[in-house]
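This briefing is meant for someone meeting the structure for the first time. It begins with the division into domains and then turns to the packing of a few helices.

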Amino acid sequence: MHFYLEPGGKLTGSIRVPGDKSMSHRSIMLGSIADGTTTVSGFLEGEDALATLAAFRAMGVNITDPEAGRLTIDGVGLRGLSPSDQVMDVGNSGTSIRLMVGLLSGQSFDSIITGDQSLLRRPMARVITPLSQMGALISSREGCPPLEVKGGRALTGLHYDLPVASAQVKSSVLLAGLYASGQTSVTEPAPTRDHTERMLAGFGYPVERQDGVIGLQGGGTLTGTDIDIPADISSAAFFLVGASIAPGSDLTLEHVGVNPTRDGIIRILRAMGADIDIINPREVGGEPVADLRVRYAPLKGIDIPVEEVPLAIDEMPAVLIAAACAEGVTVLSGAEELRVKESDRIASMAEGLTQLGIRNTVYPDGISVTGGEMSGGVIATHYDHRIAMSFAMAALRATDRLKVSDCAHVATSFPGFAELAVETGLHLEVAAE
Ligand code: S3P
């Protein structure tokens, strides 16, 4: 499935993008191991979160079919999961496998978890190392999935200094910590998304957070709750960039999660000159939420502050499209993690930008991009949803037609992207060939 885009256009109107992916995964995982019923609204019905849902159903949890983002989970309690009678396949989803392997390490039964071709290449040693130190027994294929997790292991609490700023690794260790004796804690090299900590607290599970150390005691109880998931700022990001680069744009994104560990995109775009208003900031279910109004503004290149990188890690492909439309040079550094996402996002973006005539230089940990005129062309997405959506927005400023190839993976995080993009003003057609 490919996107064909006519050049030009502007983005206008008011839209709500689908629910937050990180929170959707966690709502299923924590709701499943809670005592009692959890109701979720705003759930992302994208392939990744649905893969997590299917895996917990396979482990005996009763979860209703999501309907307009609403579902109910009959929690089975911390020790109530049962073995899946099949290999659990979580498709493209790194968050599912890395968080689940922590949780599965503490079960009484064995599990096998796998995924698609992209996931089979993604590094898992980063979770296997700390989980093994806690007493887990996990086998992998040279550090990559499939992962076989042995059950019946007695886990002991661990203090772990995270070598990479990764919310997935932090969350995996904390989820194993629920099943470990004593205290489990992690120190982060830089703040990363804190949805696990916030949501655990929402389920009534005490989590200590002090000076970059996050800790919990094993063996407690989660109590079912109601979760209202806001729109995903990582999905809103494509529209923030699109409206910022397309003259005449005036677009409002409703009910967006603006958790301070996720809103780096707003600060980065503002530093480039973007015109973004944060309207009616409020707190919904323990998470900050706001409407974002974005209007076209001329952008300038910047050195992206390295401390913003983990706070905007998934938004960097979109930021690089903004950089291509900015005056001067934008430099991204400290972003080697982008190389181990759904694709090598530094390489994928460099290739696509070069294809459109945008000068760029690649470094091991980043890229510099010189703004300029973008031509049309054919973009390879490397089957990466965020590469596809970022280059779709590039059409707003391209001088000629664009084909963005292999866009089926957009459905992993943003079902309905093409429809919303057309509704707001992108000249986009979806075609099988
Ligand atoms: C996520 C954490 C990030 C992010 C991913 C979702 C999460 O990954 O890129 O899309 O929900 O915890 P890392 O932990 O690998 O940085």
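The protein is divided into domain 1, which comprises residues 2-19 together with 230-431, and domain 2, which spans residues 21-228. The model described here is a predicted one.

**The two domains**
- Between the C-alpha centres of domain 1 and domain 2 there is a distance of 28 Å, and the contact between the domains draws on 28 residues from domain 1 and 26 residues from domain 2.

**Helix 9 and its surroundings**
- Helix 9, formed by residues 316-324, is mostly covered, with 9 of its 9 residues buried; among them are Met-316, Pro-317, Val-319, Leu-320 and Ile-321.
- The buried residues of helix 9 pack against helix 7 (233-245), helix 8 (264-271), strand 18 (329-332) and strand 20 (366-370), and also against helix 10 and helix 11.

**Helix 10 against helix 11**
- Helix 10 (residues 345-355) packs with helix 11 (residues 385-394) at an angle of about 30°, and their axes are 11 Å apart.
- Because angles under 35 degrees count as roughly parallel, helix 10 and helix 11 are described as roughly parallel to each other, and helix 10 passes helix 11 in a right-handed crossing.
- On the side of helix 10, the contact is made by Arg-345, Ser-348, Met-349, Gly-352 and Leu-353, while helix 11 contributes His-385, Arg-386, Ile-387 and Phe-391.

Note on methods: Residues numbered from 1 in each chain as written. Predicted model: local features only at pLDDT ≥ 70, side-chain atom pairs only at ≥ 80, totals over all residues. Heavy atoms only, no water. Axes fitted to C-alpha atoms, helices over the stretch in contact; angles between N-to-C directions. Helix = DSSP H or I, 4+ residues; strand = E, 2+ residues; numbered from the N terminus. Parallel < 35°, antiparallel > 145°, perpendicular 65-115°, else oblique. Left-handed = near helix turned anticlockwise from the far one by under 90°. Contact = heavy atoms within 4.5 Å. Buried < 20%, exposed > 50% of the residue type's maximum accessible area, 1.4 Å probe, protein only. Domains from an automatic or database assignment.
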